[in-house]
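User: I have a structure open and want to go through it piece by piece. Can you help me read it?

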Amino acid sequence: MTENFEIIDHEYDVVVVGAGGAGLRAGFGCAEKGLKTALISKVFPTRSHTVAAQGGISAALGNMGDDDWRFHMYDTIKGSDWLGDQDAIEYMCREAIPAVIELEHYGVPFSRTAEGKIYQRAFGGMTTDYGKGTAQRTCAAADRTGHAMLHTLYQQALKHKAEFFIEYFALDLIMGDDGECLGVMCWSLDDGTIHRFRAHQVILATGGYGRAYFSCTSAHTCTGDGGGMVARAGLPLQDMEFTQFHPTGIYGAGMLITEGVRGEGGYLTNSEGERFMERYAPSAKDLASRDVVSRSMTIEIREGRGVGDKKDHIHLNLMHLDPEIIHLRLPGIAENAKIFAGVDVTKQPIPVLPTMHYNMGGIPTNFRTEVVNPTVKDPNAVVSGLMAIGEAACVSVHGANRLGSNSLLDLVVFGRAAATRCAEVVSPNMPHKSLKNNDDQRALDRLDKYRNTKGKTSTSELRGKMQHTMQDHAAVFRTGETLEEGHKKIVEVFNARDNLGLKDHSMIFNTDLVETLELDNLLYQSVASLASAVNREESRGAHAREDFPDRDDKKWMKHTMTQVDEKGGTKIDYRPVVLTTLTDEVEAVPPKARVY
């Protein structure tokens, strides 16, 4: 109950939950516009998962050959398998060019061409002239682009005097009777105090839920805390069936090997030394989109052409590249391959396997980043006071499959869009709505329940069951039978939370309790993911159903909206895909077969 906790109140114009790339860009953007802004993060900002992004950020700068943002838009729509909203995609690709130049002016140390321009490399699915040529569109800072961006954005947030609350764990949203968001409840890990943040706009920038899977490229902090809070608030999550597997995670370790390796000329081979991608994607080959490459690798392994003693992985070859190029443009990859696979990339191939990498689905928003909760009358009804950006959100610019290097772009473009929208709807120091006595009670009851739970199952044991269920039943290839079995199992795991037992019942840096709250968040999204995957009876992008191998635009050209209740029950509804553009500068791209 509330009286067990000391509650400290804060009032801000804007509260941003999460201080990775998206949160920092939104946070300093709001502060820059004169809004009193708080950034809440469970880890130190420069330890956010954006730091792990390697390959680069896409923008049609044309530094390495002719390019146009309209080509970028076409590629993104095609990459999304026509499930992306074309108004949001137009906005992102058009704004990419000023966004990247802005990053350069902030101080991101991009790699350079001989002329001193930002260096751009080829990436999967990125073409020129509407699919006819290969685009070098991905702006890179060697293979540590996310690291360079995150540190630069953090400096900007400090410069603009955004206020940080570091090592604060967001518990739940404070929702009013009219369905509006009034703020967020947080727990300070340092001293055990509870903090009630009032805000006119809460921006969720909490990242993806990759740790729902056993093998993934995500950090252990990627537990989808924003999605969990939204689900518990009774709001739907969008397109949760679409999970991206990156083709090249280091075999056994899951550590990411950037697509930039293939952009620099690296290629995949099977046990016969064959460059097999030529069979699956004759035009794009190793630079086909990620879902296509992941499925191709999986087929090679299934058909007995995998490498290694167990024939259960694939080789990624860099040995033909000039060691100087590797040293200059892929230094981190060479280091990771040595540490995690024990190979010298100048002499040996890297053992790789598709690894869970990115969540296309998430909290539904419009292109202004406002969270939407569809009604019968309005499929785009906005939830007052609530926004979402980055991997936590589903704008939807990525649709059924994200193109590599569009995620770092997503962060900065929609982080900036959130700040712009906040400045339009919030006046500095506006009075806050009054809270009722029990508006924040749900968060405190949940915290108390888990803190004092005395069941027989440990958090790590239950987390393992969840991760193996997701790995086994929601993988690269799916069937109705495996998905239904997985859905049944994940609901059982979800309800097994009632039997969790914690040994540490304190409030100060209780990592056992943090992991339990994170597991709770992951489970809401795991249930939504499997329920929506069972429901979508077609193959589209990253959702590959062997029992429904074709894309079915007539029946399934729509977003899945999934609500999860407290017992793991789900309610599924739909929202139309936006097939019109934002401006008349470009025409919408009609659906057609997706071939690389």
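User: Which loop does Trp82 lie in?

Analyst: This is a predicted model. In it, Trp82 lies in the loop between α2 (69-79) and α3 (86-106).

User: What is phi for Trp82?

Analyst: Phi of Trp82 is positive, about 65°, although Trp82 is not a glycine. Most residues other than glycine have a negative phi.

User: Buried or exposed, that Trp82?

Analyst: Trp82 is buried, because its relative accessible area is 1% and the cut-off for buried is under 20%.

User: And Lys285, what is its phi?

Analyst: Phi of Lys285 is near 55°, which is also a positive value in a residue other than glycine. Lys285 sits in the loop between α7 (277-280) and α8. Lys285 has 32% relative accessibility, so it counts as partly exposed.

User: Which residues does the cis peptide bond join?

Analyst: The cis bond joins Val395 and Ser396, with omega at about 10°. Most peptide bonds are trans. Ser396 belongs to the loop between β18 (393-394) and α11 (406-425).

User: Changing topic. What is the volume of the second largest pocket?

Analyst: The second largest pocket has a volume of about 480 Å³. Its lining has 24 residues, and the closest to the centre are Leu353, Pro354, Gln471, Ala475 and Val476.

User: Which elements give two or more residues to that lining?

Analyst: Those elements are β11 (243-250), α8 (290-302), β14 (350-359), α13 (459-473) and β19 (477-478).

User: How many of the lining residues are nonpolar, polar and charged?

Analyst: The lining of the second largest pocket has 10 nonpolar residues, nine polar and five charged.

User: Now the inside. Which residues in the largest nonpolar core touch the most other members?

Analyst: They are Leu173, Val184, Trp187, Leu204 and Leu386, in a core of 76 residues. Helix α15 (residues 511-535) gives the largest share of this core, 11 residues.

User: How many residues are in the second, separate core?

Analyst: The second core has 69 residues, and Tyr91, Met92, Cys139 and Ala205 are among them.

User: Leu386 made me look at Thr369. What is Thr369 in contact with?

Analyst: Leaving aside neighbours within four places in sequence, Thr369 is in contact with Leu386, Met387, Ala388, Ile389, Phe414, Ala417 and Ala418. Thr369 lies in the loop between β15 (363-364) and β16 (370-372). Thr369 is buried, because its relative accessible area is 0%.

User: What about His200, where does it lie?

Analyst: His200 lies in strand β9 (residues 194-204). At 15% relative accessibility, His200 counts as buried, since the limit is under 20%.

User: What does His200 touch?

Analyst: Not counting residues up to four places away in sequence, His200 touches Tyr12, Asp13, Gly385, Val426, Met430, Pro431 and His432. Take Gly385: it is 185 residues from His200 along the chain, yet their C-alpha atoms are separated by 5.6 Å.

User: How far apart in space are Thr482 and Phe367?

Analyst: Thr482 and Phe367 are 35 Å apart, C-alpha to C-alpha, and 115 residues apart in sequence. Thr482 is in helix α14. At 29% relative accessibility, Thr482 counts as partly exposed.

User: On to the rings. How many aromatic pairs does the structure hold?

Analyst: The structure holds 16 aromatic pairs. One is Phe276 with Tyr280: the ring centres are 6.3 Å apart and the planes are at 85°.

User: Why is that pair edge-to-face?

Analyst: Phe276 and Tyr280 are edge-to-face because their planes are at 85°, and an angle over 60 counts as edge-to-face. Phe276 is buried at 0% relative accessibility, whereas Tyr280 is partly exposed at 26%.

User: What about Phe494 and Tyr524, how are their rings placed?

Analyst: Their centres are 5.0 Å apart and their planes are at 85°, so this pair is edge-to-face too. The pair links distant parts of the chain, with Phe494 in helix α14 (residues 480-495) and Tyr524 in helix α15, 30 residues apart. Phe494 and Tyr524 are both buried.

User: Last one. Which residues form an aromatic cluster?

Analyst: Tyr12, Phe165, Tyr168 and Phe197 form one aromatic cluster.

Notes. Residues are numbered from 1 along each chain as its sequence is written. This is a predicted model: local features need pLDDT of at least 70, side-chain atom pairs count only at pLDDT 80 or more; totals for chains, interfaces and linings use all residues. Side-chain values use heavy atoms; hydrogens and water are left out. On a 1 Å grid over the protein atoms alone, a cavity is a set of points where a 1.4 Å probe fits but cannot get out, and a pocket is an open set with protein on both sides within 12 Å along at least five of seven lines; lining residues have an atom within 4 Å of a point. Grid points are joined across faces, edges and corners, and a volume is the space filled by probe spheres set on the points. Helices (H or I, at least four residues) and strands (E, at least two) are DSSP runs, numbered from the N terminus. Ala, Val, Leu, Ile, Met, Phe, Trp, Tyr, Cys and Pro count as nonpolar, Asp, Glu, Lys and Arg as charged, and the others, Gly among them, as polar. Buried means under 20% relative accessible area, exposed over 50%, partly exposed in between (1.4 Å probe, protein chains only). Contact means heavy atoms within 4.5 Å. A nonpolar core is a set of buried Ala, Val, Leu, Ile, Met, Phe, Trp, Tyr and Cys residues joined through side-chain atoms within 4.5 Å. Rings of Phe, Tyr and Trp (its six-membered ring) pair if their centres lie within 6.5 Å; planes under 30 degrees apart count as stacked, over 60 as edge-to-face and the rest as tilted.
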